[in-house]
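Please look over the sequence and the structure first.

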Amino acid sequence: MYTKRIFPIKVVLKWTRRSILTFLILATIPVILFDVLGMKWLHVPWLPLGVLGTAVAFLIGFKNNASYDRLWEGRKIWGGIVNMSRSWTIMVKDFINNDHAKETLSDNELHQIHKELVHRHVAWLTALRYQMRMNKPWEQLMTDKSNTEFKDTYFLVCEDTIPIEEAIKPYISRTEYEEVFAKGNKASQLLGIQSRRLKELMQKGLIEDFRHMEMANMLVEFYTLQGQSERIKNFPYPRQFATLNYMFVWIFIILLPFGIMAGFETIGHDIIKDLAQHTSQTSWGHLLQEFIARHFVWFSIPFSALVAWVFHTMEKIGENTENPFEGGPNDVPITDLSRGIEIDIRQLIDDTDIPQPYEWKNDIVM
């Protein structure tokens, strides 16, 4: 998630520089054929091309709206995880006590139980964010060369550098660690261990029935939020829409230079007609303008590249937004959210050795 008002223009241009070069080449080839080799028939009427461009613009808008909806839903889900995590910690701190205990525990022993449950919740957060960062077959954006270079230069994905085993190990016991990593869905297993532990505490009288039911409902809510997050992660933006949208954009980009060359040549002819009325037609200024007018069709190259860049970049933005947990610079900052939750809930139980917030570079929060 980029946290400044706008991305620096130079960063955007660097990110799309390969595309810009491609568009300039695609726009130059038809002009060479048209102006240098004299293939004046080599053009496409603007009217059907304009209709195609309008249709492509609607498709891009539809895709970007759908991609933004997926991103915003992901942010709402993790906002719910933030709020519920704080509520869970308050319940752990206030509900687990000696009021109905069969065997009274010391304050330090109660604190250790609070710490155990809160640390296991941090382990669940960690497991969930690692599961969200795992690449799916349709998530190939961060292997694209431009995105890879951008990532290496401008931001860091912690899940790519720290193994999940190392990240979770400090928060759970050795027995739980072996149990969790022997199963598939580690986040679900951790919530299952939490539920089992709550039952044990209820049987010891450290949680009375009503409070146990409330805390169990909280675990159910965590399962719900996890499932909602997994729904976005495991179900892609429909590939038929994404594929056809990509194809239509490139069809428009390829045809675009053929549709605007004749228009620019017409402008050049109009300029020549105006120049014919000059009183002096031998001055260097007149000759320069006449030369430009005769080859005015070459000005279609930057204009075509600009229009193609706008369409392609908007399509690329939608593509980079459709998977909000992939690990891109515009994704939901689940790593930062997880660290913020950890700091908050561990401070609530007066824990020690609380980690510091992440320090992100180039204003990109992951």
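## Surface and overall form

Accessible areas here come from the Shrake-Rupley method with a 1.4 Å probe. The model is predicted. The accessible surface of the protein chain comes to about 19,100 Å², and carbon and sulfur atoms hold 62% of that area. Of the 366 residues, 45% are buried.

The chain has 14 helices and 0 strands. Its radius of gyration is 30 Å, well over the 21 Å from the globule rule for 366 residues, so the chain is more spread out than a compact globule. The C-alpha trace spans about 110 × 35 × 30 Å along the principal axes. Among contacts with a separation of 6 or more, 82% are between residues 24 or more positions apart.

## Annotated spans

An unreviewed UniProt entry lists residues 20-38, 44-62, 241-264 and 291-311 under "transmembrane region". In the model, residues 20-38 are 89% helix and 0% strand, with end C-alpha atoms 26 Å apart. Residues 44-62 are also 89% helix and 0% strand, and their end C-alpha atoms lie 27 Å apart.

## Salt bridges

Side chains of opposite charge can pair when their charged atoms come close. The whole structure holds 18 salt bridges. One of them joins glutamate 265 to lysine 40, at 2.8 Å from N to O. Glutamate 265 is in helix α11 and lysine 40 in the loop between α2 (17-36) and α3 (46-95), so that this pair links parts of the chain 225 residues apart. Lysine 40 is partly exposed because its relative accessibility is 38%.

Glutamate 73 and arginine 231 form another salt bridge, at 2.1 Å. The former lies in helix α3 and the latter in helix α10 (residues 209-234), so the pair ties together parts 158 residues apart in sequence. Both ends are partly exposed: glutamate 73 at 26% relative accessible area, arginine 231 at 47%.

Arginine 120 and glutamate 116 meet at 2.5 Å. Both lie in helix α4 (residues 107-133), 4 residues apart, about one turn of the helix. Arginine 120 is buried, with a relative accessible area of 1%, whereas glutamate 116 is partly exposed at 25%. Elsewhere, a network of salt bridges links Lys115, Arg339, Glu342, Arg346 and Asp351.

## Nonpolar patch

A nonpolar surface patch consists of Leu59, Leu244, Tyr246, Met247, Phe248, Ile251 and Leu255, which together have about 560 Å² of accessible area. Helix α11 (residues 239-275) supplies the largest share, 6 residues. Tyrosine 246 is in this helix and is partly exposed, at 41% relative accessibility.

Methods: Residues numbered from 1 in each chain as written. Predicted model: local features only at pLDDT ≥ 70, side-chain atom pairs only at ≥ 80, totals over all residues. Heavy atoms only, no water. Patch = residues over 30% accessible without salt bridge, like charges linked within 9 Å, V, L, I, M, F, W, Y side chains within 5 Å. Salt bridge = Lys/Arg side-chain N within 4 Å of Asp/Glu carboxyl O. Helix = DSSP H or I, 4+ residues; strand = E, 2+ residues; numbered from the N terminus. Buried < 20%, exposed > 50% of the residue type's maximum accessible area, 1.4 Å probe, protein only. Rg over C-alpha atoms; globule rule 2.2 N^0.38 Å. Contact = heavy atoms within 4.5 Å. UniProt positions renumbered as here; feature names shortened; annotations may be inferred.
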